[in-house]
4 protein chains.
Amino acid sequence: MAPLPKSQTTSLATSTAEDVFIRDQSLCHELIGQLSFTEMAFFLVLGRKPTEAQRSVVDACLVTLMEHGLTPSAITTRLTYTSAPEAMQAAVAAGLMGVGSLFAGTMEGCALLLNRIVAAGAAAGAAAEAEAEQVAREHRAAGLPLPGFGHPVHKPDDPRAARLIELVDEHRLTGDHTRALLALSRAVDRVYTKHITINATGAIAAALGDCGVPQQIMRGFALISRCAGLVAHIHEEQAKPALLALWEAGDRAVLYDGKQGR
Amino acid sequence: MAPLPKSQTTSLATSTAEDVFIRDQSLCHELIGQLSFTEMAFFLVLGRKPTEAQRSVVDACLVTLMEHGLTPSAITTRLTYTSAPEAMQAAVAAGLMGVGSLFAGTMEGCALLLNRIVAAGAAAGAAAEAEAEQVAREHRAAGLPLPGFGHPVHKPDDPRAARLIELVDEHRLTGDHTRALLALSRAVDRVYTKHITINATGAIAAALGDCGVPQQIMRGFALISRCAGLVAHIHEEQAKPALLALWEAGDRAVLYDGKQGR
Amino acid sequence: MAPLPKSQTTSLATSTAEDVFIRDQSLCHELIGQLSFTEMAFFLVLGRKPTEAQRSVVDACLVTLMEHGLTPSAITTRLTYTSAPEAMQAAVAAGLMGVGSLFAGTMEGCALLLNRIVAAGAAAGAAAEAEAEQVAREHRAAGLPLPGFGHPVHKPDDPRAARLIELVDEHRLTGDHTRALLALSRAVDRVYTKHITINATGAIAAALGDCGVPQQIMRGFALISRCAGLVAHIHEEQAKPALLALWEAGDRAVLYDGKQGR
Amino acid sequence: MAPLPKSQTTSLATSTAEDVFIRDQSLCHELIGQLSFTEMAFFLVLGRKPTEAQRSVVDACLVTLMEHGLTPSAITTRLTYTSAPEAMQAAVAAGLMGVGSLFAGTMEGCALLLNRIVAAGAAAGAAAEAEAEQVAREHRAAGLPLPGFGHPVHKPDDPRAARLIELVDEHRLTGDHTRALLALSRAVDRVYTKHITINATGAIAAALGDCGVPQQIMRGFALISRCAGLVAHIHEEQAKPALLALWEAGDRAVLYDGKQGR
């Protein structure tokens with residue numbers, strides 16, 4: 001751990017009787033009514049307001065990730081909410097804890113690979129192509145999954161990835177990270193000798209990267225988006241409780257293999 | 001618990017090889033690039049897209065709640081992140097668990113009172129005024145805190161509440177819930193014989209109510225907003241770790257009162 | 001909230017270079033190797049060491065609650081662990097969040113009723129019988145579930161409850177709370193005109209009450225016990241991953257009811 | 001991920017109308033009243049009952065870890081409980097999420113090193129000594145912290161570690177893992193040319209290892225123990241709320257470094 005300064009500081013917020021200041025701007029006069037949620041979140045996390053193009057692309061990434069049906073996260077939130085309806089916040093929190101290495105981790109993992117390709121040669125030239133080839137070869141040789149590539153259902157191509165890459169281009173934001181992703185995609189098809197789709201987390205890693213979001217906080221954007229999705233699952237659960245069906249389904253799916261019969 | 005249907009259903013999402021459908025709309029063709037985060041969250045949770053005026057007001061509410069400095073939630077997230085940096089999602093989740101009755105609960109509690117006043121008389125007439133008076137009297141007589149009113153720092157008035165009420169009016173969304181809040185505010189000043197400010201959670205309860213957000217899911221909007229705030233605390237912690245200072249501060253604040261000296 | 005003392009104090013722990021003191025006892029010389037887990041937990045939470053009889057009964061309560069198969073809590077822990085294996089602690093935490101009002105809450109709810117009967121007449125005489133009758137009548141009239149009574153599978157009697165009540169008696173700990181539970185059981189059978197079993201949470205509420213555990217911290221003992229159960233589910237998941245089967249079971253159990261087909 | 005069997009199985013629990021079976025034993029006739037909490041947890045997690053010596057050592061490890069004052073975990077639990085007292089389970093869960101790599105991770109990390117030394121030579125002979133030397137050299141050369149060694153307060157020796165090693169010996173359980181720890185300790189003192197104490201997590205890694213607890217589930221035992229500690233913090237918080245003092249302490253410890261004054 002790095003040595004700590006003698007007194008800690010924050011630049012996020014302070015308040016007076018008359019106002020609240022967020023990163024030195026007046027909440028009441030410069031932020032409320034002026035910024036959308038996405039602009040405010042970008043400003044608060046990164047310390048600068050997004051351009052209109054960046055705002056559009058970040059919104060598109062957040063829209064893409066928000067909901068994907070009865071994922072483990074959504075099941076967790078619904079089960080927890082019905083077990084403890086007194087604490088909606090705990091149900092959302094329980095669901096968010098599943099936004100881990102299996103899901104959000106692939107976005108971060110892909111972003112690390114893109115950063116490596118960008119570092120090798122500004123993403124556009126022969127050096128970047130060579131690094132992309134090297135990345136693909138390493139993963140194939142080690143039998144490792146390649147984060148940002150492949151999807152069990154969306155074949156031959158993940159339509160969300162295609163739409164996001166197109167959208168980044170429409171907003172003239174295609175930069176080193178998107179170019180690195182496309183170079184990696186070409187290398188993957190060559191090295192694996194078949195087409196493997198760029199998936200949604202791969203496209204988001206590139207899109208957020210080209211909007212200036214650092215790799216180490218990307219998972220935070222997934223959390224923000226999924227938080228909204230989990231709230232929707234709770235509201236549906238409030239109207240149509242699904243707990244017992246889920247429990248029974250789990251019960252039927254798992255057999256006791258001891259000696260005592262049921 | 002109500003009897004459950006034989007097979008459970010969800011109307012949130014389904015997917016095919018070529019697309020994902022969220023509440024029957026094509027994610028790739030009708031949502032990504034078309035909706036902002038706030039529009040998508042509103043659509044997903046409530047099943048209908050907000051009007052432009054509703055979108056503005058919901059954005060303003062989410063902007064208002066996002067950040068308030070080193071609250072217990074933010075401290076919790078920072079402590080958990082530094083203790084377990086391998087799981088950013090758990091740190092955000094831990095912080096969200098503090099968005100409970102002390103904070104988000106006052107929003108819900110205020111919304112319940114507003115619903116009661118609205119039910120008494122369409123919020124505008126003498127019946128609504130009488131119900132507001134009754135609400136204030138009951139709380140005063142029982143010595144109960146009145147959710148949505150009062151603030152330890154923002155005196156005489158919470159500037160966020162004033163700005164939100166003004167914004168709702170600018171967007172011509174002032175409806176029964178805001179009128180009920182204003183009636184309750186007048187009643188409070190009379191019954192307590194002093195001015196007590198409408199606070200931010202009170203104004204948000206009215207604003208979300210007039211946007212058609214049901215009381216029982218309002219806490220979800222607080223969770224979405226705070227989730228973004230907690231991500232910002234993690235990103236600041238990544239750059240400037242504050243754990244040890246917080247721990248030591250806690251240590252100094254709490255004295256051991258057993259017989260064994262330190 | 002009660003007014004706070006100017007400086008906070010704790011009596012749980014302090015440390016020196018040579019030792020740690022827990023509630024004024026030397027961890028190294030008076031606790032490690034001297035106390036079992038259950039004795040230490042009882043001592044730490046309540047500030048006094050249990051008698052041997054109390055230790056036996058608390059152990060029996062903790063053993064009873066530890067495991068009950070694929071409950072919502074266990075499903076949640078398994079799903080979260082497989083989604084984020086980097087953070088076992090988050091998976092256990094997610095599962096514990098389901099130990100809420102549906103499950104642990106019935107223990108607390110039953111304890112409240114027992115306290116009410118005890119308060120009415122030292123639990124043994126006619127006044128206690130009358131209060132038990134009153135409790136049963138109120139719940140039946142209001143159509144409310146009676147916490148601590150009834151079980152969907154264990155009919156006519158929950159064998160865990162019978163065993164715990166017997167065990168409390170063997171250790172000569174039967175006191176006001178157990179007598180109140182038995183009085184309530186008799187009243188329930190009369191008022192509902194059929195036999196409804198005392199269930200495990202009812203028996204535990206009485207047993208912990210007769211061991212001197214206050215009602216407001218009883219849920220904590222359920223959390224300690226279930227924590228161990230959830231660790232076992234993780235260890236089984238490490239050897240035999242069940243995530244996909246559970247996810248697919250949930251998927252099959254929930255049908256999309258929008259217009260877009262799957 | 002390993003290929004999944006077609007139908008999932010569990011060997012933890014099943015139930016009939018008359019009984020519950022945990023790993024094929026009757027809960028009511030063979031476990032309740034027969035096993036202590038620690039015996040039951042060991043049996044449930046590992047599938048076999050501990051010997052009396054193993055039970056004593058595991059109890060000692062759980063007693064050692066239970067409480068250490070106002071750690072980040074305990075602060076988190078107290079803050080969350082006061083923010084959301086409706087959900088004690090969420091407060092405990094929030095605190096457990098801090099039992100991550102900084103704390104429990106050092107136990108697991110030390111266990112990995114001990115396993116490596118054991119694998120090199122049955123822990124007793126020259127090969128084990130050489131591997132211990134190699135481990136110490138690698139860590140020193142890389143400037144990495146050595147898990148299980150060193151303590152900021154307990155100098156020159158952590159008294160808990162000494163007590164645990166002694167206790168393992170008293171119960172004649174000193175085996176490969178404890179011998180590997182002692183070999184590593186000698187190597188550390190030589191390689192770093194100064195005495196660095198074995199700390200509590202190092203001693204527990206060896207003690208649990210010699211009781212047959214696999215390295216990958218050791219964190220689970222830390223969670224069980226800390227869960228009880230956090231329940232004690234909640235019970236103290238119920239009697240003497242500390243939230244405001246902690247919040248204010250945090251507030252004072254962190255200065256806003258933007259341009260807007262407070």
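This is a predicted model: local features need pLDDT of at least 70, side-chain atom pairs count only at pLDDT 80 or more; totals for chains, interfaces and linings use all residues.

Reader: How many helices and strands does chain A have?

Author: Chain A has 12 helices and five strands. Helices (H or I, at least four residues) and strands (E, at least two) are DSSP runs, numbered from the N terminus.

Reader: And what percentage of chain A is buried?

Author: Of the 262 residues in chain A, 62% are buried. A residue is buried if 20 or more other C-beta atoms lie within 10 Å of its own, exposed if 12 or fewer, and partly exposed in between, with C-beta atoms placed from the backbone.

Reader: Is Thr10(A) buried or exposed?

Author: Thr10(A) counts as buried because it has 21 C-beta neighbours inside 10 Å. Thr10(A) belongs to strand β1 (residues 8-10) of chain A. Between Thr10(A) and Arg23(A) there are 9.2 Å in space, C-alpha to C-alpha, and the two are 13 residues apart in sequence.

Reader: Turning to chains C and D, how many residues are in contact?

Author: On the chain C side 78 residues are in contact with 78 residues of chain D, where contact means C-beta atoms, placed from the backbone, within 7 Å. Helix α11 (residues 218-239) of chain C supplies the largest share of the chain C side, 14 residues. That side divides into 48 nonpolar, 20 polar and 10 charged residues. Here Ala, Val, Leu, Ile, Met, Phe, Trp, Tyr, Cys and Pro count as nonpolar, Asp, Glu, Lys and Arg as charged, and the others, Gly among them, as polar.

Reader: Which residues of α7(D) are buried?

Author: They are Ala128(D), Glu131(D), Ala132(D), Val135(D) and Ala136(D). Seen down the axis of α7(D), these buried residues fall within an arc of 135°, so they line one face of the helix; the arc is that of the directions from the helix axis to the C-beta atoms. On the other side of α7(D), Ala126(D) and Ala141(D) are exposed.

Reader: What covers that buried face?

Author: The cover of the buried residues of α7(D) includes α6 (104-121) and α9 (176-191) of chain D. Just after α7(D), Gly143(D) has a positive phi of about 65°.

Reader: Where are the cis peptide bonds in chains A and C?

Author: One joins Lys155(A) and Pro156(A), with omega about 0°, and Pro156(A) sits in the loop between α7 (126-142) and α8 (159-170) of chain A. In chain C, the peptide bond from Lys155(C) to Pro156(C) is cis, with omega near 0°.

Reader: What is the phi of Arg172(C)?

Author: Arg172(C) has a positive phi near 50°, and its place is the loop between α8 and α9 (176-191) of chain C. Arg172(C) counts as exposed because it has 8 C-beta neighbours inside 10 Å. Most residues other than glycine have a negative phi, and most peptide bonds are trans.

Notes. Residues are numbered from 1 along each chain as its sequence is written. Chains are lettered from A and ligands numbered from 1 in the order in which they are written. Two residues are in contact if their C-beta atoms, placed from the backbone, lie within 7 Å.
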